[in-house]
Amino acid sequence: MNRIQMILNIFLLFWWVLLPQLVMAKPLTLKLAILVETPTFASAVPDYLRPAADQGIAGAKQAIADSNRTGKFLKHHYQLQSFSAESTTELVAQALLWQQQAIDIMLVDVSSDSLVQLRQQLAADVLLVNIGNRDNQFRTKNCLPNTLHISASYSMQTDALAQWLKQRRFNKVLLISGNTIEDKLYTAAVKQSLTKFALQLVAQKKWSFNTDLRRVAGKELQAFTQVDDYDVVWVADKAQLFGQNLAYNTWLSRLVVGTNGLRANEWSYVIEAWGAAQLQNRFYQQFERHMSAKDYNAWLAVRALTEAMTQVQTNQTQLLSQYMLSDQFSLAAYKGRKLSFRAWNGQLRQPMPLTQAQALVTTAPIAGFYHPRSELDTLGIDKPLSRCNLMQTFQ
Amino acid sequence: MINKGCWLGFISLFPPYLLAADMAYVSNEKDDSLSVIDMNTMAVVNTIEVGERPRGILLSKDKQQLYICASESDTIQIFDLKTHQVIGELPSGEDPEQFSLHPNGKWLYAANEDDALLTVIDVPNRSVISQIDVGIEPEGVAVSPDGKTVIVTSETSNMVHWIDSKTNKVVHNTVIDARPRYAQFNRSGELLWVSSEIGGTVSILDTNTREIIHKISFAPQGIHQDKVQPVGVKLTDDGRYAFVALGPANHIAVVDQQTYQVINYLLVGRRVWQLALNPQQNKLLTTNGVSGDVSIIDIDAMKVIKSIRVGRYPWGAVITDEQ
């Protein structure tokens with residue numbers, strides 16, 4: 001009897017004391033990949049407005065370096081593979097190859113069509129992390145399973161600007177849109193935000209692209225913006241074909257907001273507070289350019305995953321995504337408050353800085369806009385208006 | 001008529017510490033200056049130019065000098081308290097932010113935020129003894145009262161690193177809530193208090209097991225949970241109180257050091273981050289970064305008694321009675 005008890009005790013000692021230490025000390029590797037659909041530009045887009053070729057990928061690399069620095073203390077290691085291509089077919093082929101190599105977490109910066117294709121072709125247990133696509137449909141009705149969205153939706157951007165207009169009492173808006181698909185989606189989001197925050201649409205105009213603005217911007221746009229009195233011009237020009245010429249060329253002496261002028265993106269080089277200067281410095285030293293919003297989103301995506309691995313001590317994708325969507329998860333992201341996910345549609349909640357070329361103007365959510373759950377949920381389409389209920393797809 | 005003897009008798013009624021003028025030194029991060037505050041009159045009596053982006057400051061062991069982390073100048077300045085002059089520099093590595101002095105008064109440990117290093121400095125020789133690899137954005141530094149253990153917290157790695165001061169090697173890492181900012185040992189050295197800015201908590205670690213034994217959360221009335229961001233922590237030597245600066249919640253939490261219960265919240269200036277106790281430990285000074293002022297708390301009355309305008313972004317503070 002005594003002997004059995006002794007053996008049992010030794011077993012228990014092993015089970016409770018030694019085993020967890022062995023498990024804790026076990027080295028873990030997390031393999032990630034990033035897929036980027038290379039954007040194409042019309043020749044009218046000036047070079048200085050085109051993003052760097054490694055945009056997004058650089059941000060992910062920075063986060064891998066940061067996380068490995070943390071990981072070495074815990075024997076955790078992180079790896080990244082990257083691939084860029086113009087066509088959906090090539091992107092899907094590469095993703096399938098990665099899937100074969102047992103990489104089941106992929107960061108993606110792709111068009112809406114490619115995102116749908118990837119989700120359809122890849123196995124259900126591959127976690128997709130969207131770092132560039134802002135299309136509202138993926139947050140409201142086209143609820144892709146096992147897909148997280150780090151990039152803010154169009155509505156998060158337009159709500160952020162609308163809150164600022166409301167606070168400043170710039171109520172009357174002249175809306176000018178380009179004619180790309182993205183411009184249409186963004187314009188729809190602007191109109192929803194105008195309604196949501198009770199702002200007035202004075203007039204809506206479409207830019208017709210029959211001139212090269214770099215030569216005659218002054219004349220053309222002054223005539224074009226001659227409508228009833230407005231407080232601001234809200235421009236929807238995702239392709240950067242004319243929006244950059246609106247400021248200082250409006251008929252009335254008015255501000256420009258939207259895709260140009262005062263903008264609401266996840267990140268900008270003007271952000272310094274809350275320790276942001278440290279991240280900006282690290283990035284600049286490594287890549288010799290400023291960190292863009294897409295770089296920041298990719299950085300966030302990797303950091304969310306690696307932070308989950310630090311906390312949960314596992315590299316199993318399913319357990320990581322479950323943890324990220326839980327209430328325990330909080331991500332420090334140099335924005336003065338913790339970030340978390342909206343579990344119903346996989347959207348990351350994050351403050352939206354409003355920036356002009358030389359300074360941070362303010363950060364939304366703006367004080368005074370309340371929400372029962374989190375003030376961050378005043379930005380973007382809220383749960384009652386979303387058909388998504390993704391929680392179970394992550395389990 | 002009051003004669004001289006009577007005056008002397010009157011003065012001798014007061015113990016010397018009441019006569020010594022406490023002076024507070026506050027580093028102004030964005031003004032590259034120190035504000036000197038007379039704690040009796042509670043007024044700024046001098047503003048002194050120092051190196052670029054001064055942040056952490058602390059007193060030398062003999063209380064004759066201040067060490068100032070001049071982050072952008074990549075140096076630690078030695079500031080003489082008698083002459084109010086910078087009399088020398090210590091090699092600090094790049095971008096020193098916070099630091100801590102070994103009880104022997106000779107070794108200074110400085111966190112180099114941009115390089116993920118902890119630099120160990122020999123103060124008398126003004127030389128670097130060692131540089132230790134730590135996590136991303138090292139921030140809070142503390143040395144145990146017995147001098148055996150050095151702590152550094154890394155803000156982005158979310159870790160407390162335990163370093164053996166004999167070997168200058170990391171011997172253990174404890175994962176902690178997001179963005180650990182500040183570490184402080186209690187007087188006996190048995191416990192370590194660490195604030196987590198984004199986690200919104202203060203963790204208390206047992207220094208034998210190096211495990212978290214308790215976590216304190218804060219809920220000042222009418223303030224959203226996301227704005228509760230603990231930074232500076234100060235413990236009174238009598239074991240009674242712990243003060244925690246709650247950042248953009250604009251409050252100081254008063255915690256019972258024995259039961260870990262929050263017993264009071266005191267409203268101070270905007271984005272309060274660091275704290276200093278006077279030698280008597282009956283006054284607490286808070287630096288309020290965004291509002292550019294400091295608040296003075298009377299600990300016996302447990303009340304904020306004064307706000308004093310200083311420079312832009314006041315960061316670190318020290319109060320001394322030596323002049």
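In this predicted model, A:Lys205 lies over the face of A:Phe224, at 4.3 Å from the ring centre, where a charge is taken to sit over a ring if NZ of Lys or CZ of Arg is within 6 Å of the ring centre and within 35 degrees of the ring normal. The ring of A:Phe224 also belongs to a cluster, in which ring pairs link A:Trp207, A:Phe224 and A:Phe242. In chain B, the charged end of B:Lys30 is placed over the ring of B:Tyr313, 4.7 Å from its centre.

Residues are numbered from 1 along each chain as its sequence is written, while chains are lettered from A and ligands numbered from 1 in the order in which they are written. Local features need pLDDT of at least 70 and side-chain atom pairs count only at pLDDT 80 or more, whereas totals for chains, interfaces and linings use all residues, and side-chain values use heavy atoms, with hydrogens and water left out.

Over all chains, a search of the whole structure finds 14 aromatic pairs, a pair being two rings of Phe, Tyr or Trp (its six-membered ring) with centres within 6.5 Å, called stacked if the planes are under 30 degrees apart, edge-to-face if over 60, and tilted for the rest. The rings of A:Trp267 and A:Tyr296 are stacked, because their centres are 4.3 Å apart and their planes lie at 5 degrees. Since A:Trp267 is in the loop between strand S10 (263–264) and helix H9 (276–287) of chain A, and A:Tyr296 is in helix H10 (residues 293–312) of chain A, the pair ties together parts that are 29 residues apart in sequence; helices (H or I, at least four residues) and strands (E, at least two) are DSSP runs, numbered from the N terminus. A:Trp267 is buried at a relative accessible area of 3%, and A:Tyr296 is buried at 0%, where buried means under 20% relative accessible area, exposed over 50% and partly exposed in between (1.4 Å probe, protein chains only). A:Phe283 and A:Phe287 form a tilted pair, 4.7 Å centre to centre with 40 degrees between the planes, and both lie in helix H9 of chain A, four residues apart, about one turn of the helix. A:Phe283 is buried as well, with a relative accessible area of 0%.

A:Trp267 returns in the largest nonpolar core, which has 48 residues and in which A:Leu107, A:Trp267, A:Leu300 and A:Met324 have the most contacts; such a core is a set of buried Ala, Val, Leu, Ile, Met, Phe, Trp, Tyr and Cys residues joined through side-chain atoms within 4.5 Å. Among the elements of chain A that each supply at least two residues of this core are strand S1 (28–37), helix H2 (57–71), H9 and H10, and the largest share, 11 residues, comes from H10(A). In soluble globular proteins, nonpolar side chains tend to be buried together. A:Leu300 touches A:Ile150, A:Leu331, A:Ala333, A:Leu339, A:Leu348 and A:Gln350, not counting residues up to four places away in sequence, with contact meaning heavy atoms within 4.5 Å.

H10(A) itself is mostly covered, as 17 of its 20 residues are buried, and from its first C-alpha to its last H10(A) reaches 28 Å, close to the 28 Å expected at 1.5 Å a residue, the expected span being 1.5 Å times one less than the number of residues. Just after H10(A), A:Gln313 takes a positive phi of about 60 degrees; A:Gln313 is placed in the loop between H10 and H11 of chain A and is partly exposed, with a relative accessible area of 26%.

A second, separate core of 29 residues includes A:Trp164, A:Phe197, A:Leu199 and A:Ala364. A cis peptide bond, with omega about 5 degrees, joins A:Ala364 to A:Pro365, and A:Pro365 lies in the segment after strand S14 (360–364) of chain A. Most residues other than glycine have a negative phi, and most peptide bonds are trans.

In chain B, B:Asn158 has a positive phi of about 55 degrees although it is not a glycine, and at 3% relative accessibility B:Asn158 counts as buried. B:Asn158 is among the contacts of B:Ala178, which also include A:Ser330 and A:Ala332; B:Ala178 lies in the loop between strand S15 (169–175) and strand S16 (180–185) of chain B and is buried, with a relative accessible area of 5%.
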